[in-house]
Amino acid sequence: MNSKASNADLAPEGLPRHVAIIMDGNGRWAKKRLLNRVRGHEKGADAVRGIVRTCRELKIQVLTLYAFSTENWQRPASEIKALMGLLKKFLTEEEQQLTKNNIRLEVIGQPQRLPDDVQAIIRQVRGATAANDGLVLNLALSYGGRTEIVEMVRTIAAKAAAGTLQPEAIDEALVADHLYTRHLPDPDLMIRTSGEMRISNFLLWQLAYAELFVTPTLWPDFSPEEFIAILKDYQQRERRFGKVPAQPES
Ligand code: IPE
Ligand code: IPE
Ligand code: MG
């Protein structure tokens, strides 16, 4: 099935502006097939291409993909090396497509912890796509929600200590302005594949009012068709933000 055919009854005005995805289950996908975990990560990269294409076709503004967490540094060195190699391969192969398709690459997390060659390709693709104003492909790399909050607190505290910021001036908007995502809207929809009912240190502040969707599908099997079905489910939901149903704007 082609994603264009199946998205016909999606209401364009009710689409999420920002979709965030915890791409989980690559290892289990490989294990089920008696393959090395790395093969699961390779297949996972193909799934990324399909979802990026669908987001672009649907004119979704931001797609954030959790690709590597601060906790993932604790995995075996061989798996980390393979993941970094795949990331480099993916960005090298996709540079042209991203440029041509008006997609802007952004990164949240601690890119400075990544190997030098990965940092270099990130710089290159970010530079090449910087002027693109279509979909933002936001990769969470060496990302941890708690680290992000610690860094935010440190920056704000330093400003307060230097006397350039009064503690009374600290409000939600100021906090949001000191996070990695300062220039992005909060996610409207967060999807996790592979059935785990947890957020694993992902976007702790930004997910406050996101709609959550967990699918048992393992990430390498996650298709544009299933993504569109989730978007349809999202469109049926009522987002109340603490108000009573259908309360008029005040
Ligand atoms: C997600 O798949 C990819 C990363 C976390 C980098 P996993 O590697 O976590 O796969 P499972 O959870 O072991 O199946
Ligand atoms: C979350 O998946 C991180 C990424 C998808 C990059 P994990 O597989 O690392 O999460 P846990 O360990 O199951 O919580
Ligand atoms: Mg996992």
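Predicted model: local features only at pLDDT ≥ 70, side-chain atom pairs only at ≥ 80, totals over all residues.
## Contacts of ligand 1

A polar contact is a pair of N or O atoms within 3.5 Å. An oxygen atom of the ligand lies 3.4 Å from a polar backbone atom of G25. On its own, ligand 1 has 380 Å² of accessible area, and the protein covers 86% of that.

## The shell around the ligand

Around ligand 1 you will find M23, D24, G25, N26, G27, R28, R37, H41, A67, N72, R75 and L83. By class, this shell has five polar, four charged and three nonpolar residues. Helix α2 gives the largest share, three residues, and the elements that supply two or more are α2 and α3.

## The largest pocket

Where does ligand 1 sit? Its place is the largest pocket, which has a volume of about 730 Å³. Two or more lining residues come from each of α2 (26-32), α3 (37-58), β2 (62-69), α4 (77-100) and β4 (136-143).

The lining has 31 residues, with M23, N26, Y66, A67 and F68 nearest the centre of the pocket. Of the lining residues, 16 are nonpolar, eight polar and seven charged.

## The second largest pocket

The second largest pocket has a volume of about 200 Å³. Its lining of 13 residues has E172, D186, W205, Q206 and A208 nearest the centre. Eight of the lining residues are nonpolar, four charged and one polar.

Definitions and conventions: Residues numbered from 1 in each chain as written. Chains lettered and ligands numbered in written order. Heavy atoms only, no water. 1 Å grid on protein atoms, 1.4 Å probe; cavity = no way out; pocket = protein on both sides within 12 Å on 5 of 7 lines; lining within 4 Å. Points joined across faces, edges and corners; volume = space filled by probe spheres on them. Helix = DSSP H or I, 4+ residues; strand = E, 2+ residues; numbered from the N terminus. Nonpolar A, V, L, I, M, F, W, Y, C, P; charged D, E, K, R; others polar. Near = heavy atom within 4 Å. Polar contact = N/O pair within 3.5 Å; in protein donor to acceptor, adjacent residues only side chain to side chain. Areas by Shrake-Rupley, 256 points an atom, 1.4 Å probe, with all protein chains shown as cover. Sits in = over half its atoms within 2 Å of the grid points.
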